[in-house]
Amino acid sequence: MVTEAGGDESEPEHLVSPVFNGAMEWVVPFAVMVPLVLLALVAAGGRRTTVDRQAQKLAAVERKLDLIMAHLGISEPEPDVPGAVLQELLAGRKIQAIKEYRDATGVGLKEAKDAVEFLARQRGLG
(Lines give C-alpha, C1' and ligand atoms only; values in the text may rest on other atoms or scores of the structure.)
Protein backbone atom coordinates (compact mmCIF):
# COMPACT_ATOMS: atom_id res chain seq x y z
CA MET A 1 0.00 0.00 0.00
CA VAL A 2 1.40 3.40 -0.95
CA THR A 3 0.61 6.43 1.18
CA GLU A 4 0.02 9.96 -0.04
CA ALA A 5 3.43 10.99 1.27
CA GLY A 6 4.99 8.44 -1.05
CA GLY A 7 6.04 5.97 1.65
CA ASP A 8 5.31 2.26 1.49
CA GLU A 9 3.37 0.98 4.42
CA SER A 10 2.70 -2.73 4.82
CA GLU A 11 0.07 -2.45 7.59
CA PRO A 12 -1.98 0.48 8.81
CA GLU A 13 -0.67 2.00 12.03
CA HIS A 14 -3.81 1.27 14.02
CA LEU A 15 -3.30 -2.50 13.45
CA VAL A 16 0.31 -2.63 14.65
CA SER A 17 0.64 -3.00 18.41
CA PRO A 18 4.09 -2.25 19.87
CA VAL A 19 3.18 -4.25 23.00
CA PHE A 20 2.31 -7.36 20.98
CA ASN A 21 5.48 -7.13 18.86
CA GLY A 22 7.67 -6.97 21.98
CA ALA A 23 5.76 -9.80 23.63
CA MET A 24 6.39 -12.19 20.77
CA GLU A 25 10.10 -12.16 21.56
CA TRP A 26 9.58 -14.01 24.85
CA VAL A 27 6.35 -15.95 24.26
CA VAL A 28 7.86 -18.64 22.06
CA PRO A 29 10.88 -19.41 24.29
CA PHE A 30 8.58 -19.36 27.32
CA ALA A 31 6.15 -21.75 25.65
CA VAL A 32 9.02 -24.14 24.89
CA MET A 33 10.69 -23.92 28.32
CA VAL A 34 7.61 -24.49 30.51
CA PRO A 35 6.94 -28.05 29.30
CA LEU A 36 10.66 -28.89 29.50
CA VAL A 37 10.88 -27.70 33.10
CA LEU A 38 7.74 -29.63 34.04
CA LEU A 39 9.10 -32.76 32.40
CA ALA A 40 12.39 -32.42 34.32
CA LEU A 41 10.54 -32.01 37.63
CA VAL A 42 8.42 -35.08 37.01
CA ALA A 43 11.49 -37.14 36.08
CA ALA A 44 13.40 -36.00 39.19
CA GLY A 45 10.44 -36.84 41.43
CA GLY A 46 10.26 -40.33 39.97
CA ARG A 47 13.93 -40.98 40.64
CA ARG A 48 13.63 -39.86 44.23
CA THR A 49 10.77 -42.23 44.96
CA THR A 50 12.78 -45.09 43.43
CA VAL A 51 15.70 -44.31 45.73
CA ASP A 52 13.35 -44.07 48.71
CA ARG A 53 11.85 -47.46 47.88
CA GLN A 54 15.30 -49.01 47.54
CA ALA A 55 16.34 -47.57 50.91
CA GLN A 56 13.18 -48.98 52.51
CA LYS A 57 13.82 -52.41 51.01
CA LEU A 58 17.42 -52.37 52.21
CA ALA A 59 16.33 -51.37 55.72
CA ALA A 60 13.80 -54.23 55.74
CA VAL A 61 16.50 -56.72 54.70
CA GLU A 62 18.83 -55.42 57.42
CA ARG A 63 16.09 -55.79 60.06
CA LYS A 64 15.42 -59.36 58.94
CA LEU A 65 19.12 -60.18 59.01
CA ASP A 66 19.40 -58.75 62.52
CA LEU A 67 16.47 -60.91 63.65
CA ILE A 68 18.01 -64.04 62.11
CA MET A 69 21.38 -63.33 63.73
CA ALA A 70 19.71 -62.75 67.10
CA HIS A 71 17.70 -65.96 66.77
CA LEU A 72 20.83 -67.96 65.95
CA GLY A 73 22.84 -66.28 68.69
CA ILE A 74 25.33 -64.83 66.23
CA SER A 75 26.88 -61.48 67.00
CA GLU A 76 28.51 -59.10 64.59
CA PRO A 77 32.28 -59.47 64.74
CA GLU A 78 34.24 -56.64 66.26
CA PRO A 79 36.07 -54.53 63.73
CA ASP A 80 39.85 -54.55 63.85
CA VAL A 81 40.65 -51.41 65.76
CA PRO A 82 44.03 -49.71 65.65
CA GLY A 83 45.38 -48.77 69.07
CA ALA A 84 45.33 -45.05 68.33
CA VAL A 85 41.58 -45.18 67.69
CA LEU A 86 40.91 -46.86 71.02
CA GLN A 87 43.19 -44.41 72.86
CA GLU A 88 41.35 -41.41 71.38
CA LEU A 89 37.99 -42.95 72.17
CA LEU A 90 39.01 -43.71 75.78
CA ALA A 91 40.19 -40.10 76.12
CA GLY A 92 36.74 -38.90 75.02
CA ARG A 93 37.91 -37.53 71.66
CA LYS A 94 35.41 -39.20 69.38
CA ILE A 95 36.05 -36.99 66.34
CA GLN A 96 39.79 -37.61 66.56
CA ALA A 97 39.06 -41.36 66.91
CA ILE A 98 37.04 -41.22 63.69
CA LYS A 99 39.91 -39.43 61.93
CA GLU A 100 42.38 -42.03 63.17
CA TYR A 101 40.09 -44.85 62.02
CA ARG A 102 39.80 -43.31 58.56
CA ASP A 103 43.57 -42.88 58.31
CA ALA A 104 44.20 -46.46 59.39
CA THR A 105 41.55 -48.18 57.29
CA GLY A 106 40.93 -45.87 54.33
CA VAL A 107 37.14 -46.04 54.69
CA GLY A 108 34.75 -43.14 54.19
CA LEU A 109 33.52 -40.80 56.87
CA LYS A 110 30.18 -42.57 57.41
CA GLU A 111 31.79 -46.00 57.71
CA ALA A 112 34.41 -44.70 60.14
CA LYS A 113 31.79 -42.91 62.24
CA ASP A 114 29.61 -46.04 62.38
CA ALA A 115 32.57 -48.25 63.34
CA VAL A 116 33.77 -45.89 66.09
CA GLU A 117 30.25 -45.50 67.49
CA PHE A 118 29.81 -49.29 67.44
CA LEU A 119 33.10 -49.68 69.29
CA ALA A 120 32.07 -47.03 71.83
CA ARG A 121 28.75 -48.82 72.47
CA GLN A 122 30.53 -52.15 72.91
CA ARG A 123 32.95 -50.67 75.41
CA GLY A 124 30.25 -48.71 77.22
CA LEU A 125 31.81 -45.38 76.32
CA GLY A 126 28.59 -43.81 75.09
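## Arginine 123 and helix α4

In this predicted model, arginine 123 lies in helix α4. Its relative accessible area is 43%, so arginine 123 is classed as partly exposed.

## Packing of α2 against α4

Arginine 123 also takes part in the contact between two helices: Val85, Leu86 and Leu89 of α2 meet Val116, Leu119, Ala120 and Arg123 of α4. By class, this contact of α2 with α4 comprises six nonpolar residues, one charged residue and no polar residues. Arginine is counted among the charged residues, and Arg123 belongs to the α4 side of the contact.

The axes of these two helices come within 11 Å and cross at roughly 60°. The crossing of α2 past α4 is right-handed.

Setting aside residues up to four places away in sequence, leucine 119 touches Val81, Val85, Leu86 and Leu89. Of these partners, Val85, Leu86 and Leu89 are named in the α2 side of the helix contact.

## Packing of α2 against α3

Helix α2 also packs on α3, with the axes 7 Å apart and at an angle of about 170°. The two helices are therefore roughly antiparallel to each other. On the α2 side, the contact involves Ala84, Val85, Glu88 and Leu89; on the α3 side, it involves Lys94, Gln96, Ala97, Glu100 and Tyr101. These residues divide into five nonpolar, one polar and three charged.

Glutamate 88, located in helix α2, is one of the residues in this contact. With a relative accessibility of 15%, glutamate 88 counts as buried, because the limit for that class is under 20%. Apart from residues up to four places away in sequence, glutamate 88 touches Arg93, Gln96, Ala97 and Glu100.

## The nonpolar core

The largest nonpolar core contains 10 residues: Val85, Leu89, Ala97, Ile98, Tyr101, Ala112, Ala115, Val116, Leu119 and Ala120. Three helices, α2 (83-90), α3 (94-105) and α4 (109-123), each supply at least two of its residues. Helix α4 gives the most, with five residues.

Technical notes:
Residues are numbered from 1 along each chain as its sequence is written. This is a predicted model: local features need pLDDT of at least 70, side-chain atom pairs count only at pLDDT 80 or more; totals for chains, interfaces and linings use all residues. Side-chain values use heavy atoms; hydrogens and water are left out. A nonpolar core is a set of buried Ala, Val, Leu, Ile, Met, Phe, Trp, Tyr and Cys residues joined through side-chain atoms within 4.5 Å. Buried means under 20% relative accessible area, exposed over 50%, partly exposed in between (1.4 Å probe, protein chains only). Helices (H or I, at least four residues) and strands (E, at least two) are DSSP runs, numbered from the N terminus. Contact means heavy atoms within 4.5 Å. Axes are lines fitted to C-alpha atoms, for helices over the stretch in contact, and angles run from 0 to 180 degrees between N-to-C directions. A crossing is left-handed if the near helix is turned anticlockwise from the far one by less than a right angle, and right-handed if clockwise. Angles under 35 degrees count as roughly parallel, over 145 as roughly antiparallel, 65 to 115 as roughly perpendicular and the rest as oblique.
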